[in-house]
Amino acid sequence: MKIFTTKGEIAEYLLQKRSAGKTIGLVPTMGALHNGHISLLAQAKAATGEVVCSIFVNPTQFNDPKDLEKYPRPIESDIEKLKSAGCDVLFNPPVSEVYAADEPAWHLDIGPLENMLEGKFRPGHYQGVTQVVFKLFDIIKPDMAFFGQKDYQQVLVISRMVELLKLPVKMVMCPIVREPGGLAMSSRNVHLSAQEKQDALALSQLLQLVKENFATHTLPELKELAAGFMSQQPALRMEYFEIADGDTLYPATADTPKVVALVAAWAGKTRLIDNMIIK
Ligand code: AMP
C-alpha cells in the first residue's frame, strides 16, 4: 500500500494510474477504522481499479473542541487494517497540508439540510464536512466516492454539493455495519463503557421497532410507540428522533415514498447516531 501525506505526491501518483486507465475509488474517513470502514473499502475495491482511503481528522467539522481532542487516532493499527483490506493508497495528510493559515472562508448553500437534525445539534458541522470533502475530491479526483449510510444526512449533503457544483464523482451509499447486538459500528464506540454499550443497544432496537410496526401503524402512532420505548431508557439522553422523508429529511407523511427513521442520543459523554431505512 502506498502512503502519501502531501497533496502534490498523491495527485501525481494518481495521474499516472488514471493515464494507465484505472478508475479511482475514494473512501474518506477520520481513521480509528472498524468493519464499517472496511466494508466501504470492499465496495470500492469491487467497483474501481485503484482504491484510496483518506484518514484525516477534519478540525472544521467539529463543533466541540473536546470531541476533536479526544477523537481516537490509532494510525499504526489503521495502516495494518488497510493493508489487510487490500487498500491501494492511504492519504494521511497533516492539517497544514489541507488548510492554509489564511484559509478563505467556506460557505456552500446546501439549503434546509444544513440546519435540520444533525445540523441543528452540530451547528457548522456540514460546512466543515463539505469543505473537507470538496478538498479531498479536488486532490484525489475520484470517479466514485463511497460513504456510509450510518451518516445518512451527510450522504444527502455531499450529494447536494456534487449536484450544485457539478462535480464529476459518482456517489455510492453503503449499508450500515452493526455489532452482533445491533449497535452501529462507530469510531466513538471505544469511548463507551460496558454499561453504556449495553444502554446504546436501545437505539437500534428503537429503529427496528419502528420498522416492524410501520406497515400496521400510522405515523403519529409510530411516534408515540417510539416515545414510549425511549421513555424506558433513562440512561440515554435523546437529541432527536424523526421519521423522515429519505430525500429531504422533512418529517414523513402518509404518502412519502422513501422513509428513513433517524436518531441521535448521548450515552454518558458519547454522542451516538443511527438510522434505518423503513420504506
Ligand atoms: P468516519 O471515519 O466516522 O468519518 O466515517 C467514514 C465513513 O465510514 C463515513 O462515510 C461513514 O458513514 C462510514 N461509516 C462509519 N460507520 C459505519 C458503519 N457502521 N457502517 C458503514 N459505514 C460506516
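Hi everyone, let's start with N275: leaving aside neighbours within four places in sequence, N275 is in contact (heavy atoms within 4.5 Å) with Q149, K150, Y152, I176, R178, L207, V260, A261 and L262. Before going on, this is a predicted model, where local features need pLDDT of at least 70 and side-chain atom pairs count only at pLDDT 80 or more, while totals for chains, interfaces and linings use all residues. Residues are numbered from 1 along each chain as its sequence is written, and side-chain values use heavy atoms, with hydrogens and water left out.

N275 sits in strand β9, residues 270-277; strands here are DSSP E runs of at least two residues, helices H or I runs of at least four, numbered from the N terminus. A polar atom of the N275 side chain lies 3.2 Å from the backbone oxygen of K150.

Now to the sheet. Six strands form an open, parallel sheet in the order β1-β4-β3-β2-β5-β6, where pairing takes at least two DSSP bridges. β1 (2-4) and β6 (170-174) are the edges; each has a single partner strand, so one side of each lacks a neighbour in the sheet. From one strand to the next, the twist averages 25 degrees.

Which residue stands opposite A145? That's M171 in β6. β5 (residues 144-148) and β6 run parallel, joined by 5 bridges.

Finally, helix α2 (residues 35-47) lies across β2, β3, β5 and β6, at about 155 degrees to β5; angles run from 0 to 180 degrees between N-to-C directions of axes fitted to C-alpha atoms, for helices over the stretch in contact.

Notes
Polar contact = N/O pair within 3.5 Å; in protein donor to acceptor, adjacent residues only side chain to side chain.
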